[in-house]
Amino acid sequence: MAQSTDKVLQVELVAADRLVWSGQATMVIARTTEGDVGILPNHAPLLSSIIEGVVDVQTADGETWIAAVDAGFLSVADNRVSILAERAEMSHEIDLEHARRELERCKEAGENDDEAREKVRRAEARVRAAERAS
Amino acid sequence: MALSVREYRARIRSTESMKKITRAMELIAASRIIKAQQRAQAAAPYARELTRAVSAVATFSNVDHALTLEPENPKRAAILIVTSDRGLAGAYSSSVLKEAERLVEKLKGEGKDVDLYTSGRKGEAYFKFRQRAVAQSWTGFSDQPTYDVAAEIGATLIEAFLAETGEEARAVDEVHVVYTRFRSMLSQEPTAVRLLPLEVVEGTEPPEQNDLLPLYEFEPSPSEVLDSLLPRYVQSRIFFALLQAAASELAARQKAMKSATDNADELIKKYKRIANQARQAGITQEISEIVGGVNALADAQAGSE
């Protein structure tokens, strides 16, 4: 880490219809299909599919940003990290109560098929993101 | 001078109220167009990053994918035509439809059957009136499309493209999109592009000499990443087309309504002139009648004295 302190990651968190967050970060954690992955500066180029989950960004000035994302991609090259998801929300944009009710509703609807499971995962991610931020 | 002053007044009034309507529509379109442009700009980072990722995979790995494979002899093509839901936008919808007809002719000339998919009520109505089959149509969002709609359209088209020929009636070998490109507030251009099979532009930035190409790691595997990447790429292209079309529609409407307002102004001016002329003619006639009457009276009195 010592020699990479002068290096930071340029992060862009992008949803289909807007740029959700962009800035400099020292670490990014996201959930890929294979499990959680943490990206530090000078990471090898990577292109990976991510699933519904929470993205954790530690900025260069020591703040932590948390976002809930849909299935999408994570791409890393030349200290640029882009996280692409059809939908993405920063934790402070999520209404926790509302997200909890949504999760209850999704769970009650059952987890029988892929679509329902995806909905539950998405709701869980939003609740988790909102809880961690508060 | 066929009509009376009263009737001209009524015409002026109705033209004035029509002018108020067109003026309001012009202002509404003008204010919405800014939002539409902002939406198009907001969607740009996603499209840009997605393109970068796709070209990264295409450049740094040798994976063929069903969506990029050129069929050997294409027999059927699908066309998605992006029109508006509402009229009063000048030649907007008809110029898209004209461009689409040209493409249909061209594809038929190449010996391909054409399946039509439309977005927007105008396109649907156009083909319904001509009793031509439309495979599927989507309506109700033309001035502010959401990504969900684009995703749904994309899923339908990809399904049609991937279906094995013969297995289903809907199977197509190519997919084209006809939409209106927003170049500026003044010019919008109907454009036809081929969406599938995908032509991926390789290499976002040409690597410098001596510079080593980054070797990407793919998780879980190149083909699986490509599997989920390419459909999203297609959807994002469709979303882009819808956003451009929305901005163009509003610009076309603003222009059409502006000229309608100007025409109403001209018409009011013309009617006012004619009405004034008619009023003047009425007054002149009355005066000459009075003067004639007075003269006749004076002549009669002079005769009797």
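How many bridges join strand E4 (residues 46-50) of chain A to E6(B), and do they run parallel or antiparallel? Three bridges join these strands, and the two run parallel.

This is a predicted model, in which local features need pLDDT of at least 70, side-chain atom pairs count only at pLDDT 80 or more, and totals for chains, interfaces and linings use all residues. Residues are numbered from 1 along each chain as its sequence is written, while chains are lettered from A and ligands numbered from 1 in the order in which they are written.

**View 1. Chain B meets chain A.** The contact takes in 25 residues of chain B and 23 residues of chain A. Two residues are in contact if their C-beta atoms, placed from the backbone, lie within 7 Å. On the chain B side, at least two residues each come from helix H1 (5-60), helix H4 (147-162), strand E6 (217-219) and helix H5 (222-304). Helices (H or I, at least four residues) and strands (E, at least two) are DSSP runs, numbered from the N terminus. H1(B) gives the largest share of this side, 10 residues. By type, the chain B side holds 18 nonpolar, two polar and five charged residues. Here Ala, Val, Leu, Ile, Met, Phe, Trp, Tyr, Cys and Pro count as nonpolar, Asp, Glu, Lys and Arg as charged, and the others, Gly among them, as polar.

**View 2. Strands pair across the two chains.** E4(A) and E6(B) are the strands to find here. A:Leu46 has B:Glu217 in E6(B) as its bridge partner. Two strands pair if DSSP finds at least two bridges between them. Strands of a sheet pair through backbone hydrogen bonds, either parallel or antiparallel.

**View 3. Strand E1 of chain A has two partners.** Strand E1 (residues 9-15) of chain A is largely enclosed by the rest of the structure, because five of its seven residues are buried. A residue is buried if 20 or more other C-beta atoms lie within 10 Å of its own, exposed if 12 or fewer, and partly exposed in between, with C-beta atoms placed from the backbone. E1(A) pairs antiparallel with strand E2 (residues 18-32) of chain A over seven bridges. A hairpin of two residues links E1(A) to E2(A). E1(A) also pairs with strand E8 (residues 80-85) of chain A, in the parallel sense, over six bridges. A:Ala15 stands opposite A:Arg18 in E2(A) and opposite A:Ala85 in E8(A).

**View 4. A:Ile83 sits in strand E8 of chain A.** A:Ile83 is buried, with 26 other C-beta atoms within 10 Å. Leaving out residues up to four places away in sequence, A:Ile83 touches A:Leu13, A:Val14, A:Ala30, A:Val55, A:Val69, A:Gly72 and A:Leu74. A:His98 lies 15 residues from A:Ile83 along the chain, and their C-alpha atoms are separated by 25 Å.

**View 5. Strand E6 of chain A pairs with E5(A) and E9(A).** Five of the six residues of E6(A) are buried, so this strand is largely enclosed by the rest of the structure. E5(A) and E6(A) pair antiparallel over six bridges. A:Val54 has A:Ala68 in E6(A) as its bridge partner. The hairpin of E5(A) and E6(A) has four residues between the strands, and A:Gly62 takes a positive phi near 80° there. Three bridges join E6(A) to strand E9 (residues 88-90) of chain A, and these strands run antiparallel. A:Ala68 has A:Glu89 in E9(A) as its bridge partner.

**View 6. Chain A has two assigned domains.** Domain 1 of chain A covers 2-90, and domain 2 covers 95-133. Domain bounds come from an automatic or database domain assignment. Their C-alpha centres lie 22 Å apart. Each domain gives nine residues to the contact. On the domain 1 side, strand E5 (53-59) and strand E6 (64-69) of chain A give two or more residues each. E6(A) supplies the largest share of that side, three residues.

**View 7. Chain B holds an open sheet of five strands.** The strand order is E3-E2-E1-E4-E5, and the pairing is mixed. Strand E3 (136-138) and strand E5 (188-196) of chain B are the edge strands, each pairing on one side only. Strand E4 (residues 174-182) of chain B runs antiparallel to E5(B), joined by eight bridges. B:Phe182 has B:Gln188 in E5(B) as its bridge partner.
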